[in-house]
Amino acid sequence: MLAAEYIGNKSFQVVEGTKVEPKAGEVCLKVGYVGICGTDMHIYHGVMDARVAPPKTTGHEMSGTVVAIGEGVEGFAIGENVVVRPLDWCGDCPACNAGNTHICHNLKFMGIDSAGAFQNYWTVKSRTLHKIPAGVSLQEGALIEPLSVATHDVSRSRLKAGEKAVVLGGGPIGQLVAAVAKSVGAEVLVSEPNENRRAFAEKMGVKTVNPIDEDLAAVVDEWTGTAGADVVFEVSGVKPAIDAMTEIAAVRGRIVMVAIHSTKPEIDLFKFFWKELELLGARVYEAADYDWAIELVAEKKIDLAPFISSVTELGDIQGAFEGMDGNPEGMKALVKCTDEA
Ligand SMILES: [Zn+2]
Ligand SMILES: [Zn+2]
């Protein structure tokens, strides 16, 4: 079997890997498709080398089929299609004990801290698995992980039908947040400087604004009859969005922090006082967010096909990463990891 290894310095090598027999509580999956995300690109650029410790098989947005089942695993059968929720929690820390295993104090992220899915077969703990029904393809399955980021964000926001939500940033996660927000019956405005990304959102039936050329606050004022947005999703990670989020939120508006801000930006805390705003963090996903994401795709409430920009064979994983590097138009590149034609 083949396995791709990130070896540092924007490079992958494809090597003969080892199919790991599932131990108790584990399942071996034949990998279907694996998506490339922003985190994978960060790894590719070497900024996470200390944590990743190359050479390592990375990849965490995947779909696959059960091919072997370890002792004591119940509820799964050989031949079933599944997706992995790539979190490995300790089960015995204050967060885990409070039911927040997804933000465990000792959380390990599979495909970063341990071996990932860019290989023909991947052996994982069965507690990470979610079944995908017959109507959901393996290609769509590979997008359940990023879609679950979006369902988690929307779940944290308590967004309701009829409310107005602004998404700051129209990359893949921002667009998926917009799609989930729309599916609950909210009206959505995506703020994004890139023209092609705005066009992508508009095809989904979402309003857009270019925050460089237009006055975002004025657009939101007009759109909401000066009330402001009930919910603001900060998905961009840039300073102007931090300034905008408190400006455009309605009184008692909820702001969801989805982006990873590696520095400590200045935030207008006066507006939190003045408008009684709420700031909610949202990190990865819980099991229920996966269930919701799978249901949205199975019931055809969200069409993932437009999100798939390219599909590349595992043997050319290097080309897949090079194609996504500095390409803001690419939404989701998939790597086909199955060893079948
Ligand atoms: Zn990812
Ligand atoms: Zn824990």
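Predicted model: local features only at pLDDT ≥ 70, side-chain atom pairs only at ≥ 80, totals over all residues.
Domain 1 covers 2–143 + 304–336 and domain 2 covers 148–281, with bounds from an automatic or database domain assignment. I note that residues are numbered from 1 along each chain as its sequence is written, that chains are lettered from A and ligands numbered from 1 in written order, and that side-chain values use heavy atoms, without hydrogens and water. Local features need pLDDT of at least 70 and side-chain atom pairs pLDDT 80 or more, while totals for chains, interfaces and linings use all residues.

I then took the interface. Domain 1 puts 7 residues and domain 2 puts 11 residues into the contact (heavy atoms within 4.5 Å). The two domains bury about 810 Å² between them, 72% of it on carbon and sulfur atoms; this is accessible area (1.4 Å probe) lost on being put together, summed over both. On the domain 1 side, Phe307, Glu329 and Met331 lose the most area to domain 2, together 61% of what that side buries.

I searched for salt bridges between the domains (Lys or Arg side-chain nitrogen within 4 Å of an Asp or Glu carboxyl oxygen) and got 0.

Last, I checked cysteines. The whole structure has 0 disulfides (cysteine sulfur atoms within 2.5 Å). Cys337 is in no disulfide, and its nearest cysteine sulfur, that of Cys28, is 13 Å away. I record Cys337 as buried because its relative accessible area is 0%, where buried means under 20% (1.4 Å probe, protein chains only), exposed over 50% and partly exposed in between. Cys96 is also buried, at 8%.
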